[in-house]
Amino acid sequence: MERLLIIQRGSQREALLTTPLIRILRKTFPNSKIFVLCTPFTVDLFRHNPNLTSILIHNQRNHKHHKGLPKKELNKALKQVQFTKVFVADKSWQSAAFAHKTKAPFRIGFTNSRGSFLFTEKIR
């Protein structure tokens with residue numbers, strides 16, 4: 001069974017633009033588990049998406065009042081799931097690093113991402 005991760009840690013507008021990707025992945029991999037990694041500020045855009053199995057929330061600043069996991073705990077969770085494919089939908093260095101931490105055999109992201117050297121496949 002495929003275990004897919006979509007990393008989107010950008011703005012709410014960028015997160016909203018990720019929803020077609022989620023739908024396409026569900027159609028392409030109907031029996032897969034699809035996770036999204038987002039921030040506390042965008043989690044509500046993903047919460048009721050029927051195509052998602054689970055949402056991982058990165059508490060970027062370790063604020064006590066924000067939902068989500070600090071970086072150290074998130075890295076541990078990313079390794080435990082054993083993702084088979086990771087799709088990085090933003091261009092940040094940290095998102096590329098999270099993708100790399102999964103050790104997934106397939107990691108795709110943008111060529112102009114700061115961490116593009118950590119991807120196995122790149123898109124423009």
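Buried means under 20% relative accessible area, exposed means over 50%, and partly exposed is in between, with a 1.4 Å probe and protein chains only. The model is predicted, so local features need pLDDT of at least 70 and side-chain atom pairs count only at pLDDT 80 or more, while totals for chains, interfaces and linings use all residues. Residues are numbered from 1 along each chain as its sequence is written, and side-chain values use heavy atoms, with hydrogens and water left out.

**Stop 1**

Select Leu37. Its place is in strand β2, and at 0% relative accessibility Leu37 is buried. Helices (H or I, at least four residues) and strands (E, at least two) are DSSP runs numbered from the N terminus.

Now select Ala99 with Leu37. Their C-alpha atoms are separated by 10 Å, and the two residues are 62 apart along the chain.

**Stop 2: the salt bridges**

A salt bridge here is a side-chain nitrogen of Lys or Arg within 4 Å of a carboxyl oxygen of Asp or Glu. The count by this rule is two.

Select Glu2 and Lys85, whose side chains form one of them at 3.3 Å, N to O. This pair links distant parts of the chain, 83 residues apart: Glu2 is in the segment before β1 and Lys85 in strand β4. Glu2 is partly exposed at 24%, whereas Lys85 is buried at 19%.

Next, select Asp44 and Arg47, which meet at 3.0 Å, N to O. Asp44 is exposed at 55%; Arg47 is partly exposed at 38%.

**Stop 3**

Go to Gln82, in the loop between α4 and β4. Its phi is near 60 degrees, a positive value in a residue other than glycine. Gln82 is exposed, with 52% relative accessibility.

Finish at Lys103, in the loop between α5 (93-101) and β5 (106-110). Phi of Lys103 is likewise near 60 degrees, and the residue is exposed, at 65%.
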